[in-house]
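Hi there,

Here is the structure I promised to pass on to you. Have a look at it first, and then read my notes below.

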Amino acid sequence: MNSQYINRIIRACKLDVNLYEEVEADKSATFQAAGVVVLSSLAAGVGALSLGTSNFLMAPLLALVSWFVWAYLVYFIGVKFFPEPTTEADHGQLLRTIGFSSAPGLIRVFGIIPNLMNIAFIAAAIWMLVAMVIAVRQALDYKSTWRAVGVVVTGFLIQSVVLFMMLKLF
């Protein structure tokens, strides 16, 4: 890993708005964003090893698919249903910003320490949610943070309903 990549991960964890603007504009950062998603997923796998290893290798693949679908969902909701006059974005911009918003998930690796798993996973979920709102706000060029919250919450609800329906079928 090069120093720019590590620096970007750290800045994403610090919720640096400028980082999200930077990766939004840097088309070459898409693979870096995918790497963050995979690293975050692996950290979760290590942090949850006490629950078993059966899904450890599948988790990164599922995380990448989820990231890709989530970025499309957020794009569709944010650009088609909740745009501001300044909203101008494409799927790639959301892939990059949302990918980096999973950087705080790296702390889930500390779940491997006995009695820290729940704390690490809850803290990571909250931190990642805040990062996601910032990522969406920046990628969709929103002035309103509340609009970004609305897009993220709407996307989460749609994704939850679809997942619930799929689980009912199988």
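**Helix 3 and its neighbours**

Helix 3 covers residues 30-47, and its 18 residues reach 26 Å from the first C-alpha to the last, close to the 26 Å expected at 1.5 Å a residue. The expected span is 1.5 Å times one less than the number of residues, and helices here are DSSP runs of H or I with at least four residues, numbered from the N terminus.

Before you go on, please note that this is a predicted model: local features need pLDDT of at least 70, side-chain atom pairs count only at pLDDT 80 or more, and totals for chains, interfaces and linings use all residues. Residues are numbered from 1 along each chain as its sequence is written, and side-chain values use heavy atoms, with hydrogens and water left out.

Among the buried residues of helix 3 are Ala33, Val36, Val37, Ser40, Ala44 and Gly47. Buried means under 20% relative accessible area, exposed means over 50%, and partly exposed is in between (1.4 Å probe, protein chains only). The buried residues of helix 3 pack against helix 1 (3-13), helix 4 (58-81), helix 5 (91-100) and helix 6 (117-139).

Gly47 lies in helix 3 and counts as buried because its relative accessible area is 1%. Which residues does Gly47 touch, not counting those up to four places away in sequence? They are Arg108, Val109, Gly111, Ile112, Met117 and Phe121, where contact means heavy atoms within 4.5 Å.

**Rings and charges**

The structure holds 2 aromatic pairs. Phe68 and Tyr72 form an edge-to-face pair, 5.5 Å centre to centre with 75° between the planes. Rings of Phe, Tyr and Trp (its six-membered ring) pair if their centres lie within 6.5 Å; planes under 30 degrees apart count as stacked, over 60 as edge-to-face and the rest as tilted. Both Phe68 and Tyr72 lie in helix 4, 4 residues apart, about one turn of the helix. Phe76 and Phe81 also form an edge-to-face pair, with 5.4 Å centre to centre and 80° between the planes. Phe76 counts as partly exposed because its relative accessibility is 44%, whereas Phe81 is exposed, at 55%.

Arg108, one of the residues that Gly47 touches, has its charged end over the ring of Phe121, 6.0 Å from the centre. Arg147 lies over the face of Tyr142, at 5.9 Å from the ring centre. A charge sits over a ring if NZ of Lys or CZ of Arg is within 6 Å of the ring centre and within 35 degrees of the ring normal.

Enjoy exploring!

Methods. Helices (H or I, at least four residues) and strands (E, at least two) are DSSP runs, numbered from the N terminus.
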